[in-house]
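Here's a quick briefing to read alongside the model. Have the structure open and follow along.

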Amino acid sequence: MSTTVVPWVFSARSEDALRAQAARLMEAVEADDTLNPVDVGFSLATTRAHFEHRAGVIAAGRAELVR
């Protein structure tokens, strides 16, 4: 059995904004169990602006992202 490790990277202009971004991501994952973590990770990496405050989460699937 193979496990897909999913990186989610995000950034913001301040630490508070970064925390808020992380909270919005968590709310989206918890609210919609049909979200594909790979698709979300791809979108975060390729469609969002890159600011000076950055964070990332690496997980093997949705359950680990939520945890």
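This is a predicted model: local features need pLDDT of at least 70, side-chain atom pairs count only at pLDDT 80 or more; totals for chains, interfaces and linings use all residues.

Numbering runs from 1 along each chain as its sequence is written, and side-chain values use heavy atoms, with hydrogens and water left out.

**Helix H2**
- H2 covers residues 37-47, and Pro37, Val40, Gly41 and Leu44 are buried in it; helices here are DSSP runs (H or I, at least four residues), strands too (E, at least two), numbered from the N terminus.
- Looking down the axis of H2, the buried residues fall within an arc of 100°, so they line one face of the helix; the arc is taken over the directions from the helix axis to the C-beta atoms.
- Phe42 and Thr47, on the other side of H2, are exposed.
- Buried means under 20% relative accessible area, exposed over 50% and partly exposed in between, with a 1.4 Å probe and protein chains only.
- The buried residues of H2 pack against strand E1 (6-12), helix H1 (15-31) and helix H3 (62-66), where contact means heavy atoms within 4.5 Å.

- Glutamine 21 is in helix H1, and it counts as buried because its relative accessibility is 7%.
- Leaving aside residues up to four places away in sequence, glutamine 21 touches Phe10, Leu44 and Arg48.
- Glutamate 27 is also placed in helix H1, but at 52% relative accessibility glutamate 27 counts as exposed.
- Glutamate 27 and valine 57 are 30 residues apart in sequence and 15 Å apart in space, C-alpha to C-alpha.

**The cavity**
- There's one cavity of 30 Å³ or more, and the largest cavity has a volume of about 30 Å³.
- Its lining is made up of Trp8, Val29, Asp32, Leu35, Asn36, Pro37, Val40, Arg62 and Leu65.
- H2 and H3 each supply at least two residues of that lining.

Note on methods
On a 1 Å grid over the protein atoms alone, a cavity is a set of points where a 1.4 Å probe fits but cannot get out, and a pocket is an open set with protein on both sides within 12 Å along at least five of seven lines; lining residues have an atom within 4 Å of a point. Grid points are joined across faces, edges and corners, and a volume is the space filled by probe spheres set on the points.
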